[in-house]
Amino acid sequence: MSPAISPAGLIADMGEVLLTPWVQAVIDHQLFLVVGLIVLELAWSAWRRRPTHTVRITLSSVSLALLHFGAYVITTLLVVLPVLQAVREAFGVFDLPADGALAWGLCLLGTDLCAYCLHRSQHHVRWFWVGHSVHHTAPEFNLTVGPRLGLLDTLDRIPFFLPLALLGFHAEMIVLCYALIELWSFWTHTSWIPRLRWLPWFEWVFNTPANHRLHHGRNAVYLDRNFGEFTMLWDHLFGTYVRQTEPVDYGATLMPPRQDPWTANVFELRRLWADMRAAPNWRLALAVPWRGV
């Protein structure tokens, strides 16, 4: 295996071989972009007199986003990167390069597939749902919901991205591709952008607001649908894609009693712990987190 390379070098390679200058500029200024778009959405909503935000839930979502971001950075640097790189160096099948459009394109596509598998598992496995439920317990849909994520889902990525490390992709490549995918998914959390009927191929291939807002509905027809974060290819392939047929009722099927960050983070954890304690023996108790939601 070739020696590990620096994230700075990988970002430079990524910009040269895969990303156009304007996409690179978006990544370099993503914080200003995210905050700017949220402010713009708030202003647009006020001007059009169609409220899409409430003060209480917006403040909760922003607080949850800040908490998650801190935990995400710490776990990425201290756990995710070291584990993925150690697996690559010890068990990697190939010694894949960190430059070239083909290598980055394959890594992005592979990361998108892994993100789909992760996201689908977060809706079907109790333990993964504990952290991911935070993202779905907002009864409204706007850009502040995009980064509204739980503290406990920061390590869920590791088992799902291990196949990429085993194939020989650098840990930094995987993390950067996932960050790009997450940045893309941010803009899909708005109710203001309609279905792009003049670009049907774009709606079919990529995750868009029209595709993703259904995923946040608790309508029976929308449950466990449209898991794609960057593309919708895997939803089409695995039969989880659906188009809108009725108005979306936003939120989870079981909502927490309050919207403060503490309650949002521990609501499903408390339910899981109660079910484990109610199990007749320890074997069944240990199986509860890995059962269906």
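A residue is taken as buried when its relative accessible area is under 20%, and cysteine 177, at 0% relative accessibility, therefore counts as buried in this predicted model. Cysteine 107 likewise has a relative accessibility of 0% and counts as buried.

The protein chain is built with 13 helices and zero strands. Of its 293 residues, 49% count as buried, and its accessible surface comes to about 14,600 Å², 71% of which belongs to carbon and sulfur atoms. Among contacts with a separation of 6 or more in the protein chain, 74% are accounted for by residues 24 or more positions apart.

In soluble globular proteins, nonpolar side chains tend to be buried together. The largest nonpolar core of the model holds 33 residues, of which Leu84, Phe161, Met173 and Ile174 touch the most other members. Helices α4 (55–91), α5 (101–122), α7 (157–167) and α8 (171–186) each supply at least two residues of this core, and α8 gives the most, with eight residues. When neighbours within four places in sequence are left aside, isoleucine 174 is in contact with Leu84, Cys107, Thr111, Phe161, Leu164, Ala165 and Phe169.

Helix α6 (residues 126–136) is largely enclosed by the rest of the structure, because 10 of its 11 residues are buried. The buried residues of α6 are Arg126, Phe128, Trp129, Val130, Gly131, His132, Ser133, Val134, His135 and His136. The elements that cover them include α4, α5, α7, α10 and α12 (261–278).

Helix α10, which spans residues 209–215, contains histidine 212. With a relative accessibility of 4%, histidine 212 counts as buried. The side chain of histidine 212 makes a polar contact of 3.1 Å with the side chain of histidine 189. Apart from neighbours within four places in sequence, histidine 212 is in contact with His119, His135, Phe141, Thr188, His189, Asn207, Asn226 and Gly228. One of these residues, His135, is also among the buried residues of α6.

Confidence is highest in helix α11 (residues 233–238), at a mean of 98, and lowest in helix α1 (residues 7–17), at 47. The pLDDT stays under 50 over residues 2–8, for which the model has 11 contacts beyond four places in sequence, and also over residues 10–18, for which the model has 24 such contacts. Where pLDDT is low, the predicted coordinates should not be read in detail.

Conventions:
Residues numbered from 1 in each chain as written. Predicted model: local features only at pLDDT ≥ 70, side-chain atom pairs only at ≥ 80, totals over all residues. Heavy atoms only, no water. Buried < 20%, exposed > 50% of the residue type's maximum accessible area, 1.4 Å probe, protein only. Helix = DSSP H or I, 4+ residues; strand = E, 2+ residues; numbered from the N terminus. Polar contact = N/O pair within 3.5 Å; in protein donor to acceptor, adjacent residues only side chain to side chain. Contact = heavy atoms within 4.5 Å. Areas by Shrake-Rupley, 256 points an atom, 1.4 Å probe, with all protein chains shown as cover. Core = buried A, V, L, I, M, F, W, Y, C linked by side-chain atoms within 4.5 Å. pLDDT = per-residue confidence, 0-100.
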